[in-house]
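Dear colleague,

Please find below the sequence and structure that I am handing over to you. My notes on what was found follow directly after.

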Amino acid sequence: ITAEELGIAPEDVKIVTGDTDVTLMVHRLDRLNVSWTGARTVLRFGRQAVSWGNGLLYNPMDVFNPFDQAAIDTEYKSGDDMLYGEDLFDDGSDLQGVVVVRRDPVSGEVESDQSSLAFKYHGFAGANEYDLLAAAHYDDLLLGLGGNLSLGGAVLRGDLTWTRTDLENVLSGVVSVSYSWTWGGTNVSGLLEYFRSGFGQADGAYAPSDLLANPDLLRRLERGELYTLARNYLAASATLEITPLVLVTPTLLINLDDPSALGQIVMRYDLQQDLQLTCALNLPLGPPASEYGGVTSPVEGRYLAAGPSLFAQLAWYF
């Protein structure tokens, strides 16, 4: 068995075999970094995670290991080996920088077209906030603008990104509005979010031959930067506080380019102060040849689809 067969990068693995050929131990460093913190400056080198952008479910500005829009457990985020720096200014704004060096998967050599250099400025305009992003990510130029502002009791968030690839210039964006209220004595937080993926399929065609004609999309799917196939999505979600210890969150992710969607309901129950139970049901909806109903496979009459699924997690905090 090899590291590649386990889905683990060889440099992340230490393998110890026992007395027999059937014994295998795999160890992967999850977080290991060295940091220096000054009065207003932070420098950190090693494996770590960063999260940029203002999208709550879809996030085109977060290109470093973003979460799947249907992710249930978002407390842990996988990291990259990087050099990270942050400088805080007098007005509370800050500038962050990231350098990620990667090897070419074929040659094994460190290559600039496999690496990333990114800067993000976070500033304030009165009571509102905004972000400016500039990055050389793999072999693409990425620019982004985002922010959030208050609209009465609601919050409007959004990001717009422009990517120059070898093939085209691509615009992607997300905009959402969130609002909290009381309904029948129950506290409710609602979210409505629209996502436009410029890399997605414009015509809802997901057959292998159609996807092969969109290499920019396939590269981002392979790198884990995108989890969607189409261009236009609408998400609706609400968190209901059944009791102070029980939260229920139904979510509907709708593909606007074909008649399919993903329904999800998540329940979180704080059993004790340091013990939480999370349960979730995922239900794909849609006909064959749609994204959630099942995309066309190379075998005629067969489709690649994820069926209904249940998730349960008991977390102990210490």
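Phe119 is partly exposed because its relative accessibility is 41%; buried means under 20% relative accessible area, exposed over 50%, and partly exposed in between (1.4 Å probe, protein chains only). Its place is in strand S7; helices (H or I, at least four residues) and strands (E, at least two) are DSSP runs, numbered from the N terminus. Phe119 is one of the residues that make a nonpolar surface patch of about 760 Å², among them also Phe45, Leu83 and Phe89. Such patches are made of residues with over 30% relative accessible area and no salt bridge, with like charges joined within 9 Å and nonpolar side chains (Val, Leu, Ile, Met, Phe, Trp, Tyr) within 5 Å. Strand S6 (94–100) and strand S7 (116–125) each contribute at least two residues to the patch.

**Basis of the model**

This is a predicted model, in which local features need pLDDT of at least 70 and side-chain atom pairs count only at pLDDT 80 or more, while totals for chains, interfaces and linings use all residues. Residues are numbered from 1 along each chain as its sequence is written, and side-chain values use heavy atoms, with hydrogens and water left out.

**The chain as a whole**

The protein chain contains 2 helices and 19 strands. Its radius of gyration is 22 Å, close to the 20 Å that the globule rule gives for 318 residues, so the chain is as compact as a globular protein of that length. That radius is taken over C-alpha atoms, and the globule rule is 2.2 Å times the number of residues to the power 0.38. Of the 318 residues, 38% count as buried. The accessible surface comes to about 18000 Å², of which 59% belongs to carbon and sulfur atoms; such areas come from the Shrake-Rupley method with a 1.4 Å probe, and for residues only the protein chains shown count as cover.

**Aromatic pairs**

Rings of Phe, Tyr and Trp (its six-membered ring) pair if their centres lie within 6.5 Å; planes under 30 degrees apart count as stacked, over 60 as edge-to-face and the rest as tilted. By this rule there are 8 aromatic pairs. Tyr58 and Phe195 form a stacked pair, with 4.9 Å from centre to centre and 10 degrees between the planes. Tyr58 lies in the loop between strand S4 (41–48) and strand S5 (80–88) and Phe195 in strand S12 (residues 186–196), so the pair ties together parts that are 137 residues apart in sequence. Tyr58 is buried, at a relative accessible area of 2%, and Phe195 is buried at 3% relative accessibility. Tyr58, Phe195 and Tyr233 form one aromatic cluster.

**Salt bridges**

A salt bridge is a side-chain nitrogen of Lys or Arg within 4 Å of a carboxyl oxygen of Asp or Glu; the count is 7. In one of them, Asp62 joins Lys77, with the closest N and O atoms 2.9 Å apart, and both residues are buried. Another links Asp140 to Arg220, the closest N and O atoms being 2.6 Å apart. Asp140 lies in strand S9 (residues 140–151) and Arg220 in helix H2 (residues 215–223), so this pair ties together parts that are 80 residues apart in sequence. Asp140 is buried, with a relative accessible area of 12%, and Arg220 is buried at 5% relative accessibility.

Yours sincerely
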